[in-house]
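User: I have a chain open here and would like a walk through its fold. Can we take it piece by piece?

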Amino acid sequence: MAKLTRRDLLVGAGASLAVGSKALAGVPVAGKQVPSFYRSKLGDFELTVVSDGARPIPLPPRFVLNVPNEEVLKAAEAAYMPKGTVFAPFNPMVVNTGSKLVLIDTGYGPIAPTVGLLPQSLAAAGIDPKSIDIVLISHMHGDHINGIKNPDGSLAFPNAEIKVPAVDWAFWMDDANAAKAPEGFFKASFGFCRKIFGDLKTRVTIYQWGSEVAPGMTAIETAGHTPGHTSFAIQSGSSKLLFQGDVSNVPDPTLPLALPVLVQLHAGAGACWEAGFDVTQTKRNDATTFSGRMQVP
Ligand SMILES: [Zn+2]
């Protein structure tokens, strides 16, 4: 057998490197984001956070109440977020209670290339949309309701009962409110509500604060971000979790801010955001808090 010299080995290594780089250069770029999910236990319940994607959002005036906008944007830029924006993830959650499979919020739908990934993330997590029993909506902004329908207008979760908060339903489905909505975010939000719920008025279930909306899951008033914004207290045995919807936004540990960034978009809701923040204080509730805007895990 021929003996390999050091030179032979080096030449061989160079050759395989060359082949390797050629092979890499020949692979087309994917050009799209990958699905992702994260699974954990809460007592006997199984929780699966399913990513709908993420996108940069500009900060309108008074979007954040507890920190001045300039400070938020400075911190966001220091955390390598695109200038003038915060980069927000959108994370619906599936709760398997053992008897019901519950999806909390449904993501943006495919309105931009980096969002609307919920169907792929559910598939990656092995969750069949037809097996969802309850779709639970925390509030009626587009990034929480648009995923209820497929792009062709059919129901994405055809066997699910769709539950919406009573106060948000009254506010967003009111034609007089829609008619006087200012251009921009508000007008677009009313448009999303009509597109998704216009032909579902008799199919949805309207729920009240304080009621059990699924086994072990109670609706809690956290109005402010929208008039009917709702959080969910989820309990299995002695384990508790508060799903706080959009009470806080981008509580990103990479942002050098002392507090989570809070949002409150509804001008008439006054001090309600304080009540919402109070509810989310984990010590008071002896529970872990989850926001759909949190980075996961
Ligand atoms: Zn919202």
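Analyst: Strand S8, residues 161-165, runs parallel to S9, and 3 bridges join them. Keep in mind that this is a predicted model.

User: Which residue stands opposite Ile206 in S9?

Analyst: Val164 is the residue opposite Ile206.

User: What sheet has S8 and S9 in its order?

Analyst: An open sheet of 7 strands, ordered S1-S2-S5-S6-S7-S8-S9, with mixed pairing. Strands S1 (37-42) and S9 (205-207) are at the edges; each has a single partner strand, so one side of each lacks a neighbour in the sheet.

User: How much are neighbouring strands turned against each other?

Analyst: By 25° on average, with direction ignored.

User: What holds strands of a sheet together in general?

Analyst: Strands pair through backbone hydrogen bonds, in parallel or antiparallel fashion.

User: Back up a bit. How many helices and strands does the chain have?

Analyst: There are 9 helices and 16 strands. The chain has 297 residues, and 39% of them count as buried. Of the contacts between residues at least 6 apart in sequence, 70% join residues at least 24 apart.

User: Now the core. Which residues in the largest nonpolar core touch the most other members?

Analyst: That core has 56 residues, and the ones touching the most other members are Val95, Val102, Leu103, Ile104, Val135 and Leu136. Helix H7, residues 185-197, gives the most to this core, with 5 residues.

User: Pick Val135. What does Val135 touch?

Analyst: Leaving out residues up to four places away in sequence, Val135 touches Leu103, Thr106, Ile148, Phe157, Ala160, Ile162 and Lys163.

User: What about the phi of Asp105?

Analyst: Asp105 has a positive phi of about 65°, although Asp105 is not a glycine.

User: And where is Ser138?

Analyst: Ser138 is in another loop, between strand S7 (134-136) and helix H4 (142-145). Ser138 is buried too, with 28 other C-beta atoms within 10 Å.

User: Which residues does Ser138 touch?

Analyst: Not counting residues up to four places away in sequence, Ser138 touches Ile104, Asp105, His144, His229, Thr230, Ser231 and Gly245. So Asp105, which counts as buried, is one of the contacts of Ser138.

User: What separates the C-alpha atoms of Ser138 and Thr226?

Analyst: They are separated by 9.8 Å, and the two residues are 88 residues apart along the chain.

User: Which glycine takes a positive phi in the hairpin of S12 and S13?

Analyst: Gly237, with phi near 60°; this hairpin has 2 residues between the strands.

Definitions and conventions
Residues numbered from 1 in each chain as written. Predicted model: local features only at pLDDT ≥ 70, side-chain atom pairs only at ≥ 80, totals over all residues. Helix = DSSP H or I, 4+ residues; strand = E, 2+ residues; numbered from the N terminus. Buried ≥ 20, exposed ≤ 12 C-beta atoms within 10 Å, placed from the backbone. Contact = placed C-beta atoms within 7 Å. Pairing = 2+ DSSP bridges. Axes fitted to C-alpha atoms, helices over the stretch in contact; angles between N-to-C directions. Core = buried A, V, L, I, M, F, W, Y, C linked by C-beta atoms within 7 Å.
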